[in-house]
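Let's take a walk through this one together. Have the sequence and the 3D view open side by side, and we'll go from the overall picture to individual residues.

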Amino acid sequence: MAVVDIKTKKTAWDRLQLVRMIERPTAMDYIDRIFDSFIEFHGDRYFSDDAAVVGGIAMLDGMPVTVIGHQKGRNIKENIKRNFGMPQPDGYRKALRLMKQAEKFNRPVICFVDTKGAHCDEGAEERGQGEAIARNLLEMSKLRTPSISIVIGEGGSGGALALAVTDQVWMLENSIYSILSPEGFAGILWRDGSRAKEAANIMKITAKDLKGFGIIDKIIKEPFGGAHKNVDKVAEEIKKNLISTLDKLNSKPVEELVQSRYEKFRNMGEYSE
Amino acid sequence: MNNLFKRNKYITVSKEPIKKEAQVEKKPSIPGGMWAKCAKCGQTIYKEDLESNNKVCPYCDHHIRMTARERVEFLTDIDTFMEFDRNMKSVNPLGFEGYEEKLGKSVESTGLNEAVVTGKGEILGEEAVICVMDSFFMMGSMGSAVGEKITRAVEKAIDLRLPVIIFTASGGARMQEGIFSLMQMAKTSAALGKLSDAGLLYITVITDPTTGGVTASFATLGDVILAEPGALIGFAGRRTIEQTIKKTLPEDFQTAEFMIKHGFVDKIVHRRDQVKMIKNILAIHRESGRR
């Protein structure tokens with residue numbers, strides 16, 4: 001049984017379709033609107049520059065920050081270049097390099113999450129996709145600078161989590177965040193990827209579900225019809241929230257910041273004993 | 001040396017038990033009756049031989065999957081293992097249909113409450129916190145209870161200033177617990193970050209199979225990463241990759257041998273050498289040895 005949101009009349013599957021639209025604003029659409037003088041940096045210093053992840057430095061209302069995001073294409077051509085926002089291990093290693101750089105220079109880190117999942121092919125396995133993601137989880141959990149990530153579209157699997165072990169995790173109203181894409185989930189549990197719609201509606205992947213579980217901290221409202229209807233407004237809303245939250249996080253002693261980030265993830269999970 | 005114990009004479013015994021072949025073949029890792037057939041080389045093996053050889057095929061060295069209890073017994077000195085959180089169980093946070101039944105079946109068939117056994121024990125006299133996953137419990141998948149048990153074990157090791165050894169065997173994150181399972185990857189990795197900052201040793205022993213969310217969290221974070229010969233190690237499933245790239249992958253793809261070649265494993269260690277090897281690594285890292 002699909003749960004229909006009474007106010008918006010949207011199921012999880014409806015939202016998934018919405019965030020997969022080519023018109024859906026991407027990380028760069030927000031970066032261009034929220035920050036001043038963004039300078040993109042490239043490469044992981046080991047193997048390549050993965051275009052599925054963008055990152056660099058910028059100013060946020062006068063404050064230096066590091067910005068990283070999964071980058072989907074805004075058309076087919078760009079999507080091929082960006083691999084539909086599905087990173088190779090090199091993308092995660094680039095992200096980690098930029099985060100460690102941010103730590104060194106005391107810049108807060110802001111991540112935009114938008115991926116169906118980490119890319120899978122021979123090269124990804126040969127270069128240790130698992131290790132690249134794991135390393136990010138470990139390092140982000142103890143990064144000695146404030147961090148915020150915002151799920152702007154699809155937050156799929158470990159490939160999304162690898163940019164989301166942050167002090168705060170926010171989601172745009174229509175975005176989704178899940179253990180696996182509904183296609184993959186249905187494939188694993190029922191050996192039938194075509195039951196994705198059914199899967200999406202029972203997986204509890206909407207911003208509202210995850211806020212209810214205490215997995216995310218904030219939901220950013222979208223205009224009627226979705227973020228693409230008024231990107232400026234959504235960007236403005238994100239910017240306003242970033243400034244006020246970073247003010248608070250910046251004033252915390254770093255030990256306290258890292259410890260409360262640890263406890264935040266430490267306390268996730270339901271079990272009995 | 002090991003070859004001395006190969007009992008080749010068993011090949012010549014009556015063919016009678018081989019009639020059970022079809023039946024045994026379905027469950028190659030759980031030998032029924034007196035005889036088992038190796039899933040890799042097809043040889044018929046006397047069950048007692050297999051047990052005395054730590055479930056390694058005496059003909060082809062195929063490492064058959066062990067249960068967590070078998071492995072704890074194989075690894076630790078007699079009467080030294082003290083189990084943690086034995087009674088911790090999974091709940092059904094998403095209200096996923098059929099999950100409780102599935103858990104119940106695994107509890108019944110394995111005698112465990114969850115897919116990992118954690119505790120403290122001694123390995124040839126070296127004390128360590130030990131976590132052993134069990135692939136017979138819902139394919140060793142990681143839900144909240146597995147994540148919590150591993151995190152607590154790591155935190156306990158920090159308190160006691162002990163090294164941690166995790167034997168991984170897992171199909172990945174447990175789908176039925178959705179986002180809660182995903183967050184266990186962050187939780188366990190964060191705990192291992194603390195362990196690392198405390199200057200304590202973490203050894204991973206990757207066993208067959210280790211994939212998905214476990215590969216993308218604690219399995220690949222060891223200071224030292226050992227693997228069993230032939231173990232499947234990977235992030236994405238073979239079928240998923242084959243569908244993506246539209247070609248068939250080579251036989252050795254995502255094996256321990258593939259991973260050592262690509263630089264993600266320190267050493268492949270045959271089961272008969274594991275206890276000694278782990279003891280030696282622990283001894284070299286023992287804190288009292290520092291100057």
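Start with chain B: among its contacts between residues at least 6 apart in sequence, 67% join residues at least 24 apart, where contact means heavy atoms within 4.5 Å. Before going on, some housekeeping: this is a predicted model, in which local features need pLDDT of at least 70 and side-chain atom pairs count only at pLDDT 80 or more, while totals for chains, interfaces and linings use all residues. Residues are numbered from 1 along each chain as its sequence is written, chains are lettered from A and ligands numbered from 1 in the order in which they are written, and side-chain values use heavy atoms, with hydrogens and water left out.

Chain B has 10 helices and 10 strands; these are DSSP runs numbered from the N terminus, with helices being H or I of at least four residues and strands E of at least two. Of its 291 residues, 53% count as buried. Buried here is under 20% relative accessible area, exposed is over 50%, and partly exposed is in between (1.4 Å probe, protein chains only).

Now find a helix pair. Two packed helices are described by the angle between their axes and the distance between the axes. In chain B, the axes of α5 (residues 144-160) and α6 (residues 178-197) come within 9 Å and cross at roughly 10°. That crossing makes α5(B) roughly parallel to α6(B). The axes are lines fitted to C-alpha atoms, for helices over the stretch in contact, and angles run from 0 to 180 degrees between N-to-C directions; under 35 degrees counts as roughly parallel, over 145 as roughly antiparallel, 65 to 115 as roughly perpendicular and the rest as oblique. On the α5(B) side, the residues making the contact include B:Ile150, B:Val154 and B:Ile158, and on the α6(B) side they include B:Phe180, B:Ala191 and B:Leu195. Sorted by class, this contact has 8 nonpolar, 5 polar and 3 charged residues (Ala, Val, Leu, Ile, Met, Phe, Trp, Tyr, Cys and Pro count as nonpolar, Asp, Glu, Lys and Arg as charged, and the others, Gly among them, as polar).

Next, look at helix α3 of chain B, residues 68-75. Which of its residues are buried? They are B:Ala68, B:Arg71, B:Val72, B:Phe74 and B:Leu75. These residues cover an arc of only 165° around the axis, so they sit on the same side of α3(B); the arc is that of the directions from the helix axis to the C-beta atoms. An α-helix has 3.6 residues a turn, so residues three or four places apart point the same way. The buried residues of α3(B) pack against strands β5 (116-123), β6 (126-133), β7 (164-170) and β8 (202-210), plus helix α10 (271-285), of chain B.

Strand β8 of chain B also holds B:Pro209, and a cis peptide bond, with omega about -10°, joins B:Asp208 to B:Pro209. Most residues other than glycine have a negative phi, and most peptide bonds are trans. Two residues of chain B are worth a look for their phi. B:Lys55, in the loop between α2 (47-52) and α3, has a positive phi near 60° and is buried at 7% relative accessible area. B:Gln254, in the loop between α8 (238-245) and α9 (256-261), has a positive phi of about 65° and is buried too, at 2%.

Over to chain A. A:Thr26 is in the loop between α1 (12-19) and α2 (27-34), and it is buried, with a relative accessible area of 2%. What does its side chain make a polar contact with? The partner is the side chain of A:Gln71, at 2.9 Å. (A polar contact is a pair of N or O atoms within 3.5 Å; within protein, one must be able to donate a hydrogen and the other to accept it, and residues adjacent in sequence count only if both atoms are side-chain atoms.) Leaving aside neighbours within four places in sequence, A:Thr26 is also in contact with residues including A:Arg74 and A:Ile152.
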